[in-house]
Amino acid sequence: MRCIRILFVCLGNTCRSPMAETFMKSYCRELGLSWQIDSAALRSWNLGRCPDERCLKIFEENHLSTEHYTRMLNWKDFQNFDYIICMDESNVNELKAMSQMVGETCKAQIQHLALYLFRKDERTIEDPFCTFGLNGFRRTFDQISCCCRRLLLVIYYSEHHGYRLIWNNIWKYLSLPIPTSLNRMPETKSTAL
């Protein structure tokens with residue numbers, strides 16, 4: 001299988017997208033996949049900073065670590081990554097507009113991570129930045145870890161079986177059995193609220 005390149009994007013790149021990047025890197029490593037995973041911001045507020053301190057505490061709770069420093073999304077990302085995965089609807093709209101400006105050289109598929117949430121009434125990956133304490137971050141981590149597992153399976157099937165990812169039929173792919181090479185799921189300590 002070729003090296004898949006995934007970029008996770010959120011507004012500030014200090015909470016949600018670094019969580020997704022860190023979890024997905026760990027999950028790929030555990031499954032023996034050498035995919036390239038990164039994350040970036042749509043805004044420059046936090047450039048060069050580590051993820052939010054509360055985010056780092058959630059990583060610690062789940063035996064994860066990161067060396068990520070916030071960076072801005074750039075035009076080359078649309079040409080270099082296979083998938084650009086964002087956290088909420090406003091991110092989707094902004095990224096789609098940007099991809100149109102990139103034009104035919106855009107190879108990335110723009111997708112919304114929340115499509116993989118278990119509950120149909122959840123339509124976004126919650127932004128925990130303005131919450132107090134760690135509970136909001138735990139809830140977001142639980143959402144992200146669940147969605148990243150499902151995303152990996154969809155991409156794996158898409159690549160392995162030659163399917164093009166079609167979002168209207170996403171549940172068709174999610175209902176496929178887990179391949180034996182991907183049947184191990186890492187446990188997380190975090191609990192939902």
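Q: Buried means under 20% relative accessible area, exposed over 50% and partly exposed in between, with a 1.4 Å probe and protein chains only as cover. Going by that, how many of the 26 residues of α5 are buried?

A: 21 of the 26 are, so α5 is largely enclosed by the rest of the structure. Bear in mind that this is a predicted model, where local features need pLDDT of at least 70, side-chain atom pairs count only at pLDDT 80 or more, and totals for chains, interfaces and linings use all residues. Residues are numbered from 1 along each chain as its sequence is written, and side-chain values use heavy atoms, with hydrogens and water left out.

Q: What makes something a helix or a strand, and how many of each does the protein chain have?

A: Both are DSSP runs, numbered from the N terminus: helices are H or I over at least four residues, strands are E over at least two. That gives the protein chain six helices and four strands, and from the N terminus on they run β-α-β-α-α-β-α-β-α-α.

Q: Why do β1 and β2 count as paired?

A: Two strands pair if DSSP finds at least two bridges between them. β1 (residues 5–10) and β2 have six, in the parallel sense, so they pass the cut-off of at least two.

Q: What makes β2 and β4 edge strands?

A: The four strands form an open sheet with parallel pairing, in the order β2-β1-β3-β4. β2 (36–41) and β4 (109–112) each pair on one side only. From one strand to the next, the twist averages 25 degrees.

Q: What does α4 touch on the sheet, and at what angle to β4 does it run?

A: Contact means heavy atoms within 4.5 Å, and α4 (residues 89–102) touches β1, β3 (83–86) and β4. Angles run from 0 to 180 degrees between N-to-C directions, with axes as lines fitted to C-alpha atoms, for helices over the stretch in contact. The direction of α4 makes about 170 degrees with that of β4. Helix α5 (residues 135–160) lies across β1, β3 and β4, at about 155 degrees to β3.

Q: Why are the buried residues of α4 said to be on the same side?

A: The buried residues are Asn91, Val92, Leu95, Met98, Ser99 and Val102. They cover an arc of only 135 degrees around the axis, which puts them on the same side of α4; the arc is that of the directions from the helix axis to the C-beta atoms. An α-helix has 3.6 residues a turn, so residues three or four places apart point the same way. The buried residues pack against β1, α1 (16–31), α3 (75–80), β3 and β4, while Gln100 and Met101 are exposed on the other side.

Q: What span should α4 have at 1.5 Å a residue?

A: The expected span is 1.5 Å times one less than the number of residues. For the 14 residues of α4 that comes to 20 Å, and the end C-alpha atoms are 20 Å apart, which agrees. α5 reaches 37 Å, close to the 38 Å expected.
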